[in-house]
Amino acid sequence: MIKKFFGALIAIIFLIAPITYAAALPTVAVLPFHKKAAVSAELTLEDEDYAAELVNEHLTNSGRFDVVDREYLSEALREQAFGLSGAVDPNTAAQMGKIVGAKYIVVGSINGLSLVNKVGKVVGVGGKSFKVVAHISARMVEVETGRVILASSGKGESTAHRIEAPLRLIRIGTEDISQEQVYDAIDKATAELSKKMLSNMDNRG
């Protein structure tokens with residue numbers, strides 16, 4: 001009888017353990033990023049919130065945080081008349097975090113989005129490369145104190161090539177910078193940023 005009791009108790013503990021672990025994860029909310037620096041004239045950034053979406057995804061996939069749903073975050077802050085555009089200072093970020101029950105809140109910015117053109121020539125054939133460079137930074141704010149506990153940055157590059165035969169009879173590759181190339185550079189920058197942020201969390205213990 002006692003063996004059966006302890007067996008049932010152990011089974012219950014194993015069932016509850018994952019729930020307890022999930023509840024113990026710190027809650028984090030990622031605010032929309034804002035554009036802090038000018039974008040090169042040849043480029044466009046149709047969705048500035050794309051960077052925040054990617055950071056949100058990286059933090060979710062890390063399994064280290066309980067990440068606040070972005071639609072819920074937007075709706076909750078809108079109801080409290082908080083604007084989601086433009087820079088947010090740590091104190092305001094902390095207030096936003098309390099509304100959605102977050103322990104931490106992430107604020108960030110796109111610090112630069114630039115285009116680098118290079119012209120080359122190989123055996124009479126002209127070529128051009130188009131490199132988009134993205135610089136992104138983010139801070140993690142502790143909601144309870146309003147302190148910035150982490151600051152990370154990331155850089156991403158995306159290069160496309162165009163090769164032209166003599167007299168421009170043949171053209172291979174991209175002629176114009178696509179929005180996909182811009183997003184690819186931002187994707188790489190946010191991946192680097194998120195990796196640094198998680199590493200810094202580990203170093204904090």
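A crossing of two helices is right-handed if the near helix is turned clockwise from the far one by less than a right angle, and left-handed if anticlockwise. The model used here is predicted; local features need pLDDT of at least 70, side-chain atom pairs count only at pLDDT 80 or more, and totals for chains, interfaces and linings use all residues. Residues are numbered from 1 along each chain as its sequence is written, and side-chain values use heavy atoms, with hydrogens and water left out.

**Exercise 1. Describe how helix 2 and helix 5 pack.**

Step 1. Take the angle and the distance. Two packed helices are described by the angle between their axes and the distance between the axes. Here the angle is about 40° and the axes are 9 Å apart. Axes are lines fitted to C-alpha atoms, for helices over the stretch in contact; angles run from 0 to 180 degrees between N-to-C directions.

Step 2. Classify the angle. Under 35 degrees is roughly parallel, over 145 roughly antiparallel, 65 to 115 roughly perpendicular, and the rest oblique. Helix 2 and helix 5 are therefore oblique to each other.

Step 3. Helix 2 passes helix 5 in a right-handed crossing.

Step 4. List the residues in contact (heavy atoms within 4.5 Å). Helix 2 uses Y50, A51, L54, V55, H58, L59 and S62. Helix 5 uses Y183, I186, D187, T190, A191, L193, S194, M197 and L198.

**Exercise 2. Find the largest nonpolar core and its sources.**

Step 1. Define the set. A nonpolar core joins buried Ala, Val, Leu, Ile, Met, Phe, Trp, Tyr and Cys residues through side-chain atoms within 4.5 Å. Buried means under 20% relative accessible area, exposed over 50%, partly exposed in between (1.4 Å probe, protein chains only).

Step 2. Size the core. The largest has 32 residues; L59, F65, M140 and I186 have the most contacts inside it.

Step 3. Trace the sources. Elements supplying at least two residues each include helix 2 (50-62) and helix 5 (179-204). Helix 5 gives the largest share, nine residues.

Step 4. Look for another core. A second, separate one has 14 residues, among them A76 and A93.

Conventions:
Helix = DSSP H or I, 4+ residues; strand = E, 2+ residues; numbered from the N terminus.
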